[in-house]
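Welcome to a short tour of this protein. Have the picture at hand, and we will go through it piece by piece.

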Amino acid sequence: MTPADLAALLKATAAAVLTEHSLDTSALPDTITVERPRNPEHGDYATNVALQLGKKVGVNPRELAGWLAAALADVDGIAAAEIAGPGFVNLRIDAAAQGVVVANVLDAGAEYGHSAELAAQNINLEFVSANPTGPIHIGGTRWAAVGDALGRLLSTQGAAVTREYYFNDHGAQIDRFARSLIAAAKGEPAPEDGYAGAYINDIATAILEKAPDALSLPADEQQETFRSIGVDLMFAHIKESLHEFGTDFDVYTHEDSMHTSGRVDQAIAKLRDNGAIYEQDGATWLRTTDFGDDKDRVVIKSDGNPAYIAGDLAYYLDKRKRGFNLCIYMLGADHHGYIARLKAAAAALGDDPATVEVLIGQMVNLVRDGQPVRMSKRAGTVITLDDLVDAIGVDAARYVLIRSSVNSPIDIDLELWSSASNENPVYYVQYAHARLSALARNAAELGLTADTAHLDLLTHDREATLIRNLGEFGRVLKTAASLREPHRVCRYLEDLAGDYHRFYDSCRVLPQGDEEAGDLNRARLALCEATRQVIANGLAILGVSAPERM
């Protein structure tokens with residue numbers, strides 16, 4: 001019996017109790033809270049539904065809890081229902097009902113934990129979107145891991161998710177990038193406002209190989225040659241690094257196309273029609289303060305050039321025209337102002353601001369031997385995705401970046417996260433999967449197969465705890481998707497791995513010596529296979545491998 005099954009049972013039972021006592025059933029909450037008590041001695045689950053209902057229907061909550069407990073005691077699958085405190089009901093589930101969770105996991109396989117909760121959502125998920133002026137830095141790497149995991153997580157709940165990379169190939173930073181490449185090709189120092197690092201020299205060399213006469217071209221053609229080839233080479237490197245990191249995108253949109261295709265002009269025209277545009281001091285302004293922003297924003301500057309927000313407006317409108325009913329933007333720590341700005345832009349274009357969500361990620365720091373790591377071998381002044389992967393590997397890098405709420409800065413201890421020890425959280429979880437895989441191989445050698453016919457034999461406390469945690473997986477995914485918090489999946493997997501290791505130490509799964517395999521062995525093997533499946537499902541959401549051997 002999963003928490004969702006139990007919540008539905010509680011709601012039906014509470015409705016029956018209210019009807020029996022001529023009380024108002026409309027007072028029932030939409031959602032019945034079911035939680036695992038902190039102290040296992042209090043039962044398998046607890047609910048506060050009597051406390052929720054008591055005042056509303058004019059009955060002492062403890063008395064109402066007594067009615068509920070009496071009614072639940074006669075329900076199949078409930079071993080005991082007891083009143084606690086001012087009106088809590090503690091529940092114990094019988095072994096057969098708990099065993100259904102194991103059978104459900106094995107039946108659903110890789111789909112276990114999935115739901116259709118977000119089936120109505122067509123989501124555009126934009127993340128990373130690093131400028132093509134250098135390798136992806138460590139902050140962008142955090143979004144590469146979290147964004148990809150969030151996309152996978154939302155998909156498990158039925159949402160249609162399109163991962164999109166907004167390619168910032170328009171503006172002054174691209175001009176500075178081109179000038180930096182020209183300087184490197186000439187053997188000169190980087191411009192004061194330019195970019196430095198070994199990667200700049202490598203790209204400049206590659207450009208000269210592709211266009212040997214590039215330095216002899218007139219200044220404008222030279223700038224354009226280094227710009228176009230350099231941006232292509234840089235972006236090819238970015239895409240390759242992301243792919244090797246396990247993060248791929250469905251769509252790549254070029255910022256420059258917003259301007260060259262006329263979509264910026266179309267967005268401004270729509271805003272004029274909506275009365276959201278005005279002219280002042282030779283510039284064109286958007287009335288974002290009318291929609292909750294702290295100040296109005298310049299769209300076209302007084303020199304006639306579009307401001308950065310002009311591309312944002314066109315890009316948002318383009319997403320909506322492509323049919324997305326929710327646009328999620330994942331931005332860096334220095335982009336807090338974009339939350340109100342993007343929501344105001346949506347409102348000015350006639351949309352509900354709720355069609356825009358902005359997630360802000362905090363900083364990432366690397367630590368080695370207790371000291372911060374600040375320099376990259378390749379990029380000069382910033383730590384990059386490639387640096388992190390070189391130090392601890394893809395799996396550990398993804399896991400550590402996803403494991404904490406994006407609202408919190410992270411210090412990554414390179415020694416810890418590269419270690420093969422139980423103190424390393426990703427190793428701890430992966431080791432549980434490998435241990436379960438080895439158990440399945442050993443069982444196969446003995447000719448022993450899992451059997452769900454006798455799951456009612458799983459009555460040991462360690463077995464019950466493990467089964468209850470398996471039953472929580474669907475609720476964890478639903479909550480994590482709703483809150484946009486994939487880190488909850490990491491914490492769940494660590495708890496599950498701990499429950500499994502403790503179960504294994506207390507409950508012998510395989511027969512030893514000349515022992516005959518019995519129904520309990522087969523039932524425990526089914527429990528182990530269900531646990532392995534759920535760990536694999538969770539790691540797949542994180543984009544982390546589930547090794548069969550370690």
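Predicted model: local features only at pLDDT ≥ 70, side-chain atom pairs only at ≥ 80, totals over all residues.

Let us begin with strand E14, residues 410–413, which has one covered face, made of Ile410 and Ile412, and one uncovered face, made of Asp411 and Asp413.

Which strand is joined to E14? The partner is strand E12, residues 364–368; the two run parallel and are joined by 4 bridges. Within this pair, Val364 stands opposite Ile410 of E14.

## The chain as a whole

Stepping back, the protein chain holds 20 helices and 14 strands. Its C-alpha atoms fill a box of roughly 85 × 65 × 40 Å along the principal axes. Of the 550 residues, 52% count as buried. Take the contacts between residues at least 6 apart in sequence: 70% of them join residues at least 24 apart.

Look next at strand E10, residues 326–331, which pairs with E11 in the parallel sense over 5 bridges. There you can find Met330 opposite Leu359 of E11.

## An antiparallel sheet of three strands

Another open sheet has 3 strands in the order E1-E3-E2, and here the pairing is antiparallel. Strand E1 (45–47) and strand E2 (78–84) are the edge strands, each pairing on one side only. Neighbouring strands in this sheet are turned by 25° against each other on average, again with direction ignored.

How many bridges pair E2 with strand E3? The antiparallel pairing of E2 with E3, residues 88–93, runs over 6 bridges. Glu82 stands opposite Asn90 of E3.

## Two helices side by side

Two packed helices are described by the angle between their axes and the distance between the axes. For helix H17 (residues 461–471) and helix H19 (residues 487–506), the axes come within 9 Å and cross at roughly 155°. H17 and H19 are therefore roughly antiparallel to each other. Their crossing is left-handed.

On the H17 side, the contact is made by Arg462, Glu463, Thr465, Leu466, Asn469 and Leu470. On the H19 side, the residues include Tyr492, Leu496, Tyr500 and Phe503. Sorted by class, the contact has 6 nonpolar, 3 polar and 5 charged residues.

Why can H17 be called largely enclosed by the rest of the structure? Because 8 of its 11 residues are buried. These buried residues are Glu463, Ala464, Leu466, Ile467, Arg468, Asn469, Leu470 and Gly471.

What covers them? The cover includes helix H1 (3–20), strand E1, helix H4 (95–108), helix H18 (473–483), H19 and helix H20 (519–542).

Technical notes. Residues numbered from 1 in each chain as written. Heavy atoms only, no water. Pairing = 2+ DSSP bridges. Axes fitted to C-alpha atoms, helices over the stretch in contact; angles between N-to-C directions. Parallel < 35°, antiparallel > 145°, perpendicular 65-115°, else oblique. Left-handed = near helix turned anticlockwise from the far one by under 90°. Contact = heavy atoms within 4.5 Å. Nonpolar A, V, L, I, M, F, W, Y, C, P; charged D, E, K, R; others polar. Buried < 20%, exposed > 50% of the residue type's maximum accessible area, 1.4 Å probe, protein only.
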